[in-house]
Amino acid sequence: PFDVLVIGAGPAGAAAAVYAARKGIRTGVVAERFGGQVNDTMGIENLISVKYTEGPKLASALEEHIREYNVDIIYPHRVKHIDKKDMIEVELENGAVLKSKTVIIATGARWRNVNVPGEAEFKNKGVAYCPHCDGPLFKDKRVAVIGGGNSGIEAAIDLAGIASHVTVLEFMPELKADQVLQKRLYELPNVTVLKNVQTKEITGDKKVNGITYIERDTGTEKHIELEGVFVQIGLVPNTEWLGDFVERNRMGEIVVDSHNATNVPGVYAAGDCTNSIHKQIIISMGSGANAALSAFEYLIRNN
Ligand code: FAD
């Protein structure tokens, strides 16, 4: 059996694996895809000390770093079930069962798509999901934010300080964001809020050049010219497979404490699959390291 089994090989899982392996304990990593969401990113400019890198490059650097150590890599495999008996048992989709004394869950998250024509085609060509990451690419340009919840309105406020103009598109007749955010939004001079509208298409040629929407009360179709579209309709944690095994919050995020421990002894979680407030590469790496050190402490005390 493993001392530490890490599930996921994105920034959180990679950091956890390296930290665990450096303690000389038996470490395994099981993952579907090295690098996780990082693969879907073009330019990365906020991984501190690395001025610029690209997603696929960072993904292979993560893999290379794990392979520097004596880590059993079970890849590419998806995990479908977890249970705790005398050991923690992790079942793969092919039916194989891995046993470990501790587990670090680092299965990340995925952005919810609007699923309109142009979204997939222009991803990284004007269609973006992360304002902290891609906001600066739209300096003095016109952008839209799809989604009027807290993340959408926070994104709009953030982007209004960078972009020349921001249009918010909300499907429902009212914004869902907190009043304090709405008040701040409406004070900004370069923001237009469209409510009760349905995004129909993100248009473009080689990159985004506009957005087409329908006013839901009249059925009128309208088009705005702009250079960027931020989709902000939710980040979904990849935690469905856990069922009731560990405590999750209303959003499905795994609830962890300051040790990155879950409510099940010996089971830790890190990165975007947890209730960490902000979801970023450097934050995921930090929490992965924290989880591995906590798992190591647990092993010292419980063996
Ligand atoms: P993930 O990266 O999501 O990795 C999850 C891992 O778990 C993967 O290996 C996956 O294959 C595996 N996995 C999932 N489910 C299973 C399963 N059932 N069985 C086995 N394996 C499984 N952050 C920044 O800091 N800077 C940026 O510039 C930036 N740009 C971004 C651009 C885009 C388009 C996106 C989508 C995100 C961006 N982010 C950026 C956010 C950043 O990518 C995430 O915060 C970070 O990747 C989270 O790391 P993680 O390891 O927690 O999860």
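This is a predicted model: local features need pLDDT of at least 70, side-chain atom pairs count only at pLDDT 80 or more; totals for chains, interfaces and linings use all residues.
Visitor: Which residues of H1 are buried?

Guide: Buried means under 20% relative accessible area. In H1, that holds for Pro11, Ala12, Gly13, Ala14, Ala15, Ala16, Ala17, Val18, Ala20 and Ala21.

Visitor: How confident is the predictor, by pLDDT, in the protein chain, and what ipTM and pTM does it give the complex?

Guide: The protein chain averages a pLDDT of 96. Of its residues, 100% score at least 70. For the complex, the predictor gives an ipTM of 0.99 and a pTM of 0.89.

Visitor: Is isoleucine 7 buried or exposed?

Guide: Isoleucine 7 is found in strand E1. Leaving out residues up to four places away in sequence, isoleucine 7 touches Val30, Val79, Val90, Val103, Ile104, Ile105, Ala106, Thr107 and Trp241. Its relative accessible area is 2%, so isoleucine 7 is buried.

Visitor: How many Å apart in space are isoleucine 7 and leucine 194?

Guide: In sequence, isoleucine 7 and leucine 194 are 187 residues apart. In space, C-alpha to C-alpha, isoleucine 7 and leucine 194 are 41 Å apart.

Visitor: Which residues is valine 193 in contact with, leaving aside its neighbours within four places in sequence?

Guide: Valine 193 sits in strand E13, residues 191-194. From glycine 28, valine 193 is 165 residues away in sequence and 49 Å away in space, C-alpha to C-alpha. With neighbours within four places set aside, the contacts of valine 193 are Val168, Leu175, Leu185 and Tyr186.

Visitor: Are cysteine 130 and cysteine 133 buried, partly exposed or exposed?

Guide: Cysteine 130 has 10% relative accessibility, so cysteine 130 counts as buried. Cysteine 133 has a relative accessible area of 27%, so cysteine 133 is partly exposed.

Visitor: How far is cysteine 273 from the nearest cysteine sulfur?

Guide: Cysteine 273 is buried, with a relative accessible area of 0%. Cysteine 273 is in no disulfide. The nearest cysteine sulfur is that of cysteine 130, at 17 Å.

Visitor: Which residues form a nonpolar patch on the surface?

Guide: One member, isoleucine 48, lies in the loop between strand E3 (43-44) and strand E4 (53-54). Isoleucine 48 has 61% relative accessibility, so isoleucine 48 counts as exposed. Together the patch has about 270 Å² of accessible area, and its residues are Ile48, Ile282 and Ile283.

Visitor: Is threonine 53 buried or exposed?

Guide: Threonine 53 lies in strand E4. Beyond neighbours within four places in sequence, threonine 53 is in contact with Met42, Gly43, Ile44 and Leu58. Its relative accessible area is 8%, so threonine 53 is buried.

Visitor: Where is the cis peptide bond that has omega of about -10 degrees?

Guide: Proline 76 is in the loop between E5 and strand E6 (79-84). With omega about -10 degrees, the cis bond joins tyrosine 75 and proline 76.

Visitor: What is phi of asparagine 115?

Guide: Asparagine 115 lies in the loop between strand E9 (109-111) and strand E10 (127-128). Asparagine 115 is exposed, with a relative accessible area of 64%. Phi is positive here in a residue other than glycine, near 55 degrees.

Visitor: Is asparagine 260 buried or exposed?

Guide: Asparagine 260 is in the loop between strand E18 (235-237) and strand E19 (267-269). Its phi is positive, about 65 degrees, although asparagine 260 is not a glycine. Relative accessibility is 7%, so asparagine 260 counts as buried.

Technical notes. Residues are numbered from 1 along each chain as its sequence is written. Side-chain values use heavy atoms; hydrogens and water are left out. Buried means under 20% relative accessible area, exposed over 50%, partly exposed in between (1.4 Å probe, protein chains only). A disulfide is a pair of cysteine sulfur atoms within 2.5 Å. Helices (H or I, at least four residues) and strands (E, at least two) are DSSP runs, numbered from the N terminus. Contact means heavy atoms within 4.5 Å. pLDDT is the predictor's confidence in each residue, from 0 to 100. Patches are made of residues with over 30% relative accessible area and no salt bridge: like charges are joined within 9 Å, nonpolar side chains (Val, Leu, Ile, Met, Phe, Trp, Tyr) within 5 Å. Accessible areas come from the Shrake-Rupley method with a 1.4 Å probe; for residues, only the protein chains shown count as cover. A salt bridge is a side-chain nitrogen of Lys or Arg within 4 Å of a carboxyl oxygen of Asp or Glu.
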